[in-house]
Each structure stands twice: as structure tokens, then as C-alpha cells.
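This report covers one predicted model. Its sequence and structure are shown below.

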Amino acid sequence: MAFSVGDVLLSEYANENIDVLKVMKMVLIHDIVEVDAGDTYCFMMRLAQLASVSVKRSGRPTFGMLPDDQCKELRELWEELKLKHRKQDLQQRLTVCCTLTLNYTKGGISWQTHGVKYEQVIARNQHTHEGSEALWAYAKRLLETARETGILTEDGVYD
């Protein structure tokens, strides 16, 4: 869940004001935990990945190395991020919208490599409107164009 300049720029489309600095800290923490636990491709949850997901959710290896004050601050942000992630909040939606755009402009390479279906991408992004109605409208148009042009297919089969 890499945080980008696009995320900062897209924050103006949020349904509510957000604390961009706090969001940046949260996403950086997420990336640091992935260094310890490994990353998982959102559409491909294999059994072998479940252990790293469990470690990632706890954040224990990462936070245990820090001085107490930093550990406490980052642990609190991590717990808040997990809560917001479950609520499908804007912080996650911004990054997902950037990822959608990048995948689309690259001809759907990630979707095609992993045999991702149109409905999987819709389901993964269906809560975007909770953070930004404008970004959800954009994402729907982008995904519809991807489907119409064969960049993203209904059955996940690509030539």
C-alpha cells in the first residue's frame, strides 16, 4: 500500500477532510510491516500467505525493535489503520484508486498476469464511495472502459 503524491493530490476529493500527514504515517507503517511480513497480492490469497498476513496484522516484529515511545505511537497508528482498513476508509481508497489507474495505463498487466476477473476488481473497490463519491465515479468509468477494451475480462482469461 505505497503512499504516493497522487494520494496527497486526490485528498481534495474526499467526502470529508483528512489529516494527510497522519495518513502518510499510517501507510508508511503498513509498508514497514510488509518488510517483515511480506506483501500479499490482494486478489490471490493462498494458504502460504496466511501466515505472513497474520504477522502483518499484528505488527509485532516491527514495533518490538523500537524505543518505547515510538513503539507506542506507531502501535496506536497501526491499530487505527487496521480499524480504518476494515471500514474501507478513504486512506485505503486513495491508494487503491491510484493502483487502478496505474494498472489500467499499463494495459492491465497485473490483472492479466494473475487472471483477475472484472467482478473481483469491482468487489475490491466497491466501498470507494464511502471515502469519495468522485473517485468512485472515476473508478467505475475506468473499469468499464477496461472491460470494454478487453484489458479486464469477465472470466479472467486473457490472450
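## A charge over a ring

The charged end of Arg-147 lies over the ring of Tyr-118, at 4.1 Å from the ring centre; the criterion is NZ of Lys or CZ of Arg within 6 Å of the centre and within 35 degrees of the ring normal.

## Helix 8 and helix 10

Helix 8 (residues 118–125) packs with helix 10 (residues 133–149) at about 175 degrees, their axes 11 Å apart. The two helices are therefore roughly antiparallel, a term for angles over 145 degrees.

In this contact (heavy atoms within 4.5 Å), helix 8 contributes Tyr-118, Val-121, Ile-122 and Asn-125, and helix 10 contributes Trp-136, Leu-143, Glu-144 and Arg-147. Of these residues, 5 are nonpolar, 1 is polar and 2 are charged.

## Confidence and conventions

The mean pLDDT (the predictor's confidence in each residue, from 0 to 100) is 75 for the protein chain, with 68% of residues at 70 or more. Residues 46–52 have pLDDT below 50, and this stretch makes 6 contacts beyond near neighbours in sequence.

Residues are numbered from 1 along each chain as its sequence is written, and side-chain values use heavy atoms, without hydrogens and water. In this predicted model, local features need pLDDT of at least 70 and side-chain atom pairs count only at pLDDT 80 or more, while totals for chains, interfaces and linings use all residues.

Notes:
Axes fitted to C-alpha atoms, helices over the stretch in contact; angles between N-to-C directions. Helix = DSSP H or I, 4+ residues; strand = E, 2+ residues; numbered from the N terminus. Parallel < 35°, antiparallel > 145°, perpendicular 65-115°, else oblique. Nonpolar A, V, L, I, M, F, W, Y, C, P; charged D, E, K, R; others polar.
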